[in-house]
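Here is a short report on one protein model. Please look over the sequence and the structure before reading on.

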Amino acid sequence: MRSRVVGLALITATFAVALFGIPLAIGLAEFAVSEEHSSLQRLAGFAARSVQSDMAHDRVPRALPDGPSDAAVALYDADGALLLGAGPSEGDAAVDYVLGGRTGLPPADDLVVAVPVSGLHDIVGVVRATAPSSQVYASVMPIWLGMAALAAVVLVSTWLLARRLALRLSRPLDRLVDDADRLGDGDFGISPKRSGIAETDRVSGALSRTACRLDDLLARERAFSAEASHQLRTPLAGLRLRLESALDAAEPMTRPQIEYGLGSIDRLERTIDELLALARERQTTSAPADLPRPFSEF
């Protein structure tokens, strides 16, 4: 029972922690990616504004604004060729999407951002900013580890509480087993203690009442045995004496002697009937109960 209570508590706690923790961990990762994407968007927009004047006059800027150490910024011309910064020599899908003049967000990775550099009448370049996804997940890792540690604390606490609860529930049952063993050995003086658990207390009360009834039944059986021994020995002894006297006598048994023997047998039969009636008597303490009416009366 103890192992089942502890196992059920741990399964329930694990399910609850997983049901709450896994979506939270995924949400934190998505939030971190979204924040990194917004940061790259701001960085690329700032870089595009800073090089807009040079690109509009067909000049290659000397440098791009510095961003975070994990971010790479590159500048591409209207043909998709790399002019400045760290990036592929030819523009990727994000750069081609912007140079194609399409509206909406470019179909690029979450961690790749491309911002157009506008001239007087058209797009003269593209600023591409990117960051490694591993860096984003590395920043979330301490939070994930903290959540895992908190989940471990919850499971350990659940295990300790479940063990304590299992012990509290099993102790009354262990006492009931001991009382049942004592009752089986003939000790009818058991008095189970109340545990505060309604179901267990009902079983304890039933066991105590059973012990009282068995004690009363055994006492009645002993009284019956003693009474039967006393009531039967006297007529049997008298009948034996009469029969032995008749055996020793030379003449045959007379009618009064036979009638006396038959009377002794009748007294024995009455004594046996009285003892059986005494043994069949039962004292009851049950209160009358109202039985439900048949369905046909409703």
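Along the sequence, the pattern reads α-β-β-α-β-β-α-α-α. That gives five helices and four strands. Helices (H or I, at least four residues) and strands (E, at least two) are DSSP runs, numbered from the N terminus. The model is predicted: local features need pLDDT of at least 70, side-chain atom pairs count only at pLDDT 80 or more, and totals for chains, interfaces and linings use all residues. Residues are numbered from 1 along each chain as its sequence is written, and side-chain values use heavy atoms, with hydrogens and water left out.

**Overall figures**

The protein has 298 residues, and 26% of them are buried. Buried means under 20% relative accessible area, exposed over 50%, and partly exposed in between (1.4 Å probe, protein chains only). The accessible surface is about 20,500 Å². Carbon and sulfur atoms account for 59% of that surface. Areas come from the Shrake-Rupley method with a 1.4 Å probe; for residues, only the protein chains shown count as cover. Take the contacts (heavy atoms within 4.5 Å) between residues at least 6 apart in sequence: 56% of them join residues at least 24 apart.

**Helix 1**

Helix 1 covers residues 2–56. Its 55 residues should span 81 Å at 1.5 Å a residue, and the end C-alpha atoms are 79 Å apart, which agrees. The expected span is 1.5 Å times one less than the number of residues. A kink of about 40° is centred on Ser50. The bend at a residue is the angle between axes fitted to the seven residues ending there and the seven starting there. Ser50 counts as partly exposed, because its relative accessibility is 38%. From Ser50 to Ala63 is 13 residues in sequence and 9.6 Å in space, C-alpha to C-alpha. Asp58 follows helix 1 and has a positive phi, near 60°.

**Helix 3**

Helix 3 runs over residues 133–184. Its 52 residues should span 76 Å at 1.5 Å a residue; the end C-alpha atoms lie 72 Å apart, which agrees. Helix 3 bends by about 35° at Val140, and Pro142 follows within four residues. Val140 is also one of the buried residues of helix 3, which include Val136, Ala162, Ala166 and Leu183. After helix 3 comes Gly186, with a positive phi near 100°.

Which residues form a nonpolar patch on the surface? They are Leu150, Val153 and Val154, with about 260 Å² of accessible area together. Patches are made of residues with over 30% relative accessible area and no salt bridge; like charges are joined within 9 Å, nonpolar side chains (Val, Leu, Ile, Met, Phe, Trp, Tyr) within 5 Å. Val153 counts as partly exposed at 49% relative accessibility.

**Salt bridges**

Side chains of opposite charge can pair when their charged atoms come close. A salt bridge is a side-chain nitrogen of Lys or Arg within 4 Å of a carboxyl oxygen of Asp or Glu. The whole structure has two.

| Pair | Closest N and O atoms |
|---|---|
| Arg59 and Asp54 | 3.1 Å |
| Asp92 and Arg128 | 2.8 Å |

Asp92 lies in the loop between strand 2 (82–85) and helix 2 (93–99), and Arg128 lies in strand 4 (residues 123–130), so this pair ties together parts that are 36 residues apart in sequence. Arg128 is buried, with a relative accessible area of 9%. Asp92 counts as partly exposed at 22%. In the other pair, Arg59 is partly exposed at 43% relative accessibility, and Asp54 is partly exposed at 23%.
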